[in-house]
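This briefing covers the fold, the packing and a few selected residues of one protein chain. Please view the structure alongside the text.

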Amino acid sequence: FLLLLGSFFVPLFGVLLADWLLSGASYDGRDLLSAPAFRAGPVGAWIAGFALYQWLHPLGPSWWVDLVERTGPPETQVGSSLPSFALAFALAAAAILGERRLRPEPA
């Protein structure tokens with residue numbers, strides 16, 4: 001059960017850390033209150049990190065584990081936490097930087 005929770009929260013922490021670091025390692029009230037309700041890039045980064053974690057170390061109901069194991073996950077000595085964290089962090093950072101380039105500057 002704790003490993004299943006890890007597959008959820010490890011990539012989520014990667015996304016949150018990327019957002020926090022790209023916000024200058026601090027948040028203020030304006031950051032929290034003026035944020036969009038849904039940000040597709042960071043959510044996609046979290047889903048990709050979760051999927052990688054599950055692919056490297058499938059957990060959950062037997063039907064899910066059987067389905068994932070049919071894809072032929074590699075045998076790694078690193079585990080699944082570090083790769084899923086790194087993927088979620090990198091994708092979230094790229095998405096956040098891309099959002100900033102597309103967002104118009106306030107007047």
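**S7 and its surroundings**

The side chain of S7 lies 2.6 Å from the backbone oxygen of L4, a polar contact (a pair of N or O atoms within 3.5 Å; within protein, one must be able to donate a hydrogen and the other to accept it, and residues adjacent in sequence count only if both atoms are side-chain atoms). The model is predicted: local features need pLDDT of at least 70, side-chain atom pairs count only at pLDDT 80 or more, and totals for chains, interfaces and linings use all residues. Residues are numbered from 1 along each chain as its sequence is written, and side-chain values use heavy atoms, with hydrogens and water left out.

- S7 sits in helix α1; helices (H or I, at least four residues) and strands (E, at least two) are DSSP runs, numbered from the N terminus.
- With a relative accessibility of 0%, S7 is buried, where buried means under 20% relative accessible area, exposed over 50% and partly exposed in between (1.4 Å probe, protein chains only).
- Setting aside neighbours within four places in sequence, S7 is in contact with F50, Y53 and Q54; contact means heavy atoms within 4.5 Å.

**Overall fold**

- The protein chain contains five helices and zero strands, in the order α-α-α-α-α from the N terminus on.
- Of the 107 residues in the protein chain, 22% are buried.
- Contacts between residues at least 6 apart in sequence join residues at least 24 apart in 76% of cases.

**Helix α1**

- The 21 residues of α1 reach 29 Å from first C-alpha to last, close to the 30 Å expected at 1.5 Å a residue; the expected span is 1.5 Å times one less than the number of residues.
- Buried in α1 are G6, S7, P11, G14, V15, A18 and D19.
- The buried residues of α1 pack against α3 (40-56) and α5.
- Just after α1, G24 has a positive phi of about 90°.

**Nonpolar core**

- The largest nonpolar core has six residues: V15, A18, A45, A88, A92 and A93. Such a core is a set of buried Ala, Val, Leu, Ile, Met, Phe, Trp, Tyr and Cys residues joined through side-chain atoms within 4.5 Å.
- Both α1 (2-22) and α5 (81-102) supply at least two residues of this core, and the largest share, three residues, comes from α5.
- Not counting residues up to four places away in sequence, A18 touches F89, A92, A93 and I96.

- F89 belongs to helix α5 and is partly exposed, at a relative accessible area of 27%.
- Although F89 and L17 are 72 residues apart along the chain, their C-alpha atoms are separated by 7.2 Å.

**Aromatic rings**

- There are six aromatic pairs, counted for rings of Phe, Tyr and Trp (its six-membered ring) with centres within 6.5 Å; planes under 30 degrees apart are stacked, over 60 edge-to-face and the rest tilted.
- The F8 and F9 rings are edge-to-face because their centres are 4.8 Å apart and their planes stand at 75°.
- F8 is partly exposed at 34% relative accessible area, and F9 is partly exposed at 46%.
- Ring pairs join F8, F9, W46 and F50 into a cluster.
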